[in-house]
Amino acid sequence: QVQLVESGGGLVQPGGSLRLSCAASGNIFSINAMGWYRQAPGKQRELVATITSSSSTNYADSMKGRFTISRDNAKNTVYLQMNSLKPEDTAVYYCNAHISRYGSSYFNYYWGQGTQVTVSS
């Protein structure tokens, strides 16, 4: 069994910052890519950023220069530093990870439960 648990969401004023964390735990053998996605009310879930096991990163265009994804492989944790936040960044942010479990040669994608980020004055 694998769990992804996000933390760090909340209410922040426009121009402010937040740091999200997502820790993977359970029967984990290896983790490939990890990433963050978000879903605003009435909209589809969209990519925010991804990071490979060797720390290569990819960002959605609207997040480049404002958001930074990083990971700590020893802790099976991925982070998202969000700066210069805008009201349009308001959404539920979801963690995603590509994980293989002990005893399996297959990788599967797992999702966290989501954490709410609200940007408002």
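Modeller: Start with an open sheet of 4 strands, whose order is E1-E3-E8-E7 and whose pairing is antiparallel. Strands, like helices, are DSSP runs numbered from the N terminus: a strand (E) has at least two residues, a helix (H or I) at least four. Two strands pair if DSSP finds at least two bridges between them. Strand E1 (2-7) and strand E7 (67-72) are the edges of the sheet, each pairing on one side only. On average, neighbouring strands here are turned by 15 degrees against each other, direction ignored; the axes are lines fitted to C-alpha atoms (for helices over the stretch in contact), and angles run from 0 to 180 degrees between N-to-C directions.

Two remarks on the source of these values. The model is predicted, so local features need pLDDT of at least 70 and side-chain atom pairs count only at pLDDT 80 or more, while totals for chains, interfaces and linings use all residues. Residues are numbered from 1 along each chain as its sequence is written, and side-chain values use heavy atoms, with hydrogens and water left out.

The scale is as follows: buried means under 20% relative accessible area, exposed means over 50%, and partly exposed is in between, with a 1.4 Å probe and protein chains only. The C-alpha atom of glutamine 81 is 7.4 Å from that of serine 17, although the two residues are 64 apart along the chain.

A disulfide is a pair of cysteine sulfur atoms within 2.5 Å, and the structure holds 1. Its sulfur atoms, from cysteine 22 and cysteine 95, are 2.1 Å apart. Cysteine 22 lies in strand E3 (residues 18-26) and cysteine 95 in strand E9 (residues 91-100), so the bond ties together parts that are 73 residues apart in sequence. Both cysteines are buried. The torsion about the S-S bond of cysteine 22 and cysteine 95 is about -80 degrees, and therefore the disulfide is left-handed.

As a general matter, nonpolar side chains tend to be buried together in soluble globular proteins. A nonpolar core is a set of buried Ala, Val, Leu, Ile, Met, Phe, Trp, Tyr and Cys residues joined through side-chain atoms within 4.5 Å. The largest one here has 32 residues, of which Trp36, Leu80, Met82, Tyr93 and Ile99 touch the most other members. The elements giving two or more residues to this core are E1, E3, E4, strand E5 (46-51), E7, E8, E9 and strand E11 (115-119). E9 gives the largest share, 5 residues.

Rings of Phe, Tyr and Trp (its six-membered ring) pair if their centres lie within 6.5 Å; planes under 30 degrees apart count as stacked, over 60 as edge-to-face and the rest as tilted. There are 2 aromatic pairs in the structure. The ring centres of phenylalanine 29 and tyrosine 102 are 5.3 Å apart and the planes stand at 70 degrees, so this pair is edge-to-face. Phenylalanine 29 is in the loop between E3 and strand E4 (30-39), and tyrosine 102 is in the loop between E9 and strand E10 (107-111), so the pair ties together parts 73 residues apart in sequence. Both of these residues are exposed. Tyrosine 37 and tryptophan 111 form an edge-to-face pair too, at 5.2 Å centre to centre with 65 degrees between the planes. Tyrosine 37 lies in strand E4 and tryptophan 111 in strand E10, so parts 74 residues apart in sequence are tied together.

That leaves E4 and its partner. E4 and E5 pair in the antiparallel sense over 5 bridges; arginine 38 has glutamate 46 of E5 as its bridge partner. The two strands form a hairpin with 6 residues between them, and glycine 42 in the turn has a positive phi of about 80 degrees.
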